[in-house]
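Me: Please take a close look at one part of this model, the hairpin, and then follow the chain onward from there. Keep it brisk, and give the cut-offs as you go.

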Amino acid sequence: SRLIQPCQCQEAHHVVSLTCSQLQSIQQPKRIFEQPFPVNHLWHLTIKNSTLDDLDANILSDKSFTVILFQNVSGITKIKQHAFAASVERLRVLTFDSCPLTELSVQGIDDLENLVDFEVTSSVDQLTVLIVCFMP
């Protein structure tokens, strides 16, 4: 495994996954993913134990993922349109687990043409507003 501070990259059988923890601002992932990687198509991204903000367009730059998991991440209230732009054809699973969400607005989720699983778990008792916008 390789360290892309503060993320750890793991490769097994030509499949690359990335785990980032203790991120303290939305600027950290932006800076991490703007950097050139040996490959841009990765399998799994986990962001955990972090404090972020709204997820802007192209938050992951040109890196695409099949599975994205936010685990125990606070500060997100909005996933803006094209937040995962590079992953529109690949993203199949998007999960928010144990995130202290009170409001979540998801714009343009229908752009993610192969998304089969969108989950918000373990924080549902605090979630009072969930807005999922589909474009006609």
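**The hairpin and beyond**

Reply: His13 takes a positive phi near 55° in the hairpin of β2 and β3, which has 2 residues between the strands. This is a predicted model: local features need pLDDT of at least 70, side-chain atom pairs count only at pLDDT 80 or more, and totals for chains, interfaces and linings use all residues. Residues are numbered from 1 along each chain as its sequence is written, and side-chain values use heavy atoms, with hydrogens and water left out.

Strands (E, at least two residues) and helices (H or I, at least four) are DSSP runs, numbered from the N terminus. Gln8 stands opposite Thr19 in β3.

Next comes helix α1 (residues 27-34), which holds Ile32. Ile32 is buried, with a relative accessible area of 7%. Buried means under 20%, exposed over 50%, and partly exposed in between, with a 1.4 Å probe and protein chains only. Contact means heavy atoms within 4.5 Å. Not counting residues up to four places away in sequence, Ile32 touches Ile4, Gln5, Pro6, Cys7, Leu23 and Phe37. Leu45 is 13 residues from Ile32 in sequence and 13 Å from it in space, C-alpha to C-alpha.

Ser50 sits in strand β4 (residues 44-51). Its relative accessible area is 3%, so Ser50 counts as buried. Two backbone atoms meet its side chain: a polar atom there lies 2.9 Å from the backbone nitrogen of Leu23, and one lies 2.8 Å from the backbone oxygen of Lys48. A polar contact is a pair of N or O atoms within 3.5 Å; within protein, one must be able to donate a hydrogen and the other to accept it, and residues adjacent in sequence count only if both atoms are side-chain atoms. Leaving aside residues up to four places away in sequence, Ser50 touches Ser21, Gln22, Leu23, Asn72, Val73 and Ser74.

Back to phi. Most residues other than glycine have a negative phi. Asn58 is not a glycine, yet its phi is positive, about 55°. Asn58 is found in the loop between β4 and β5 (67-74). At 43% relative accessibility, Asn58 is partly exposed. His82 is not a glycine either, and has a positive phi of about 65°. His82 lies in the loop between β6 (78-79) and β7 (93-97). With a relative accessible area of 43%, His82 is partly exposed.

Methods:
Two strands pair if DSSP finds at least two bridges between them.
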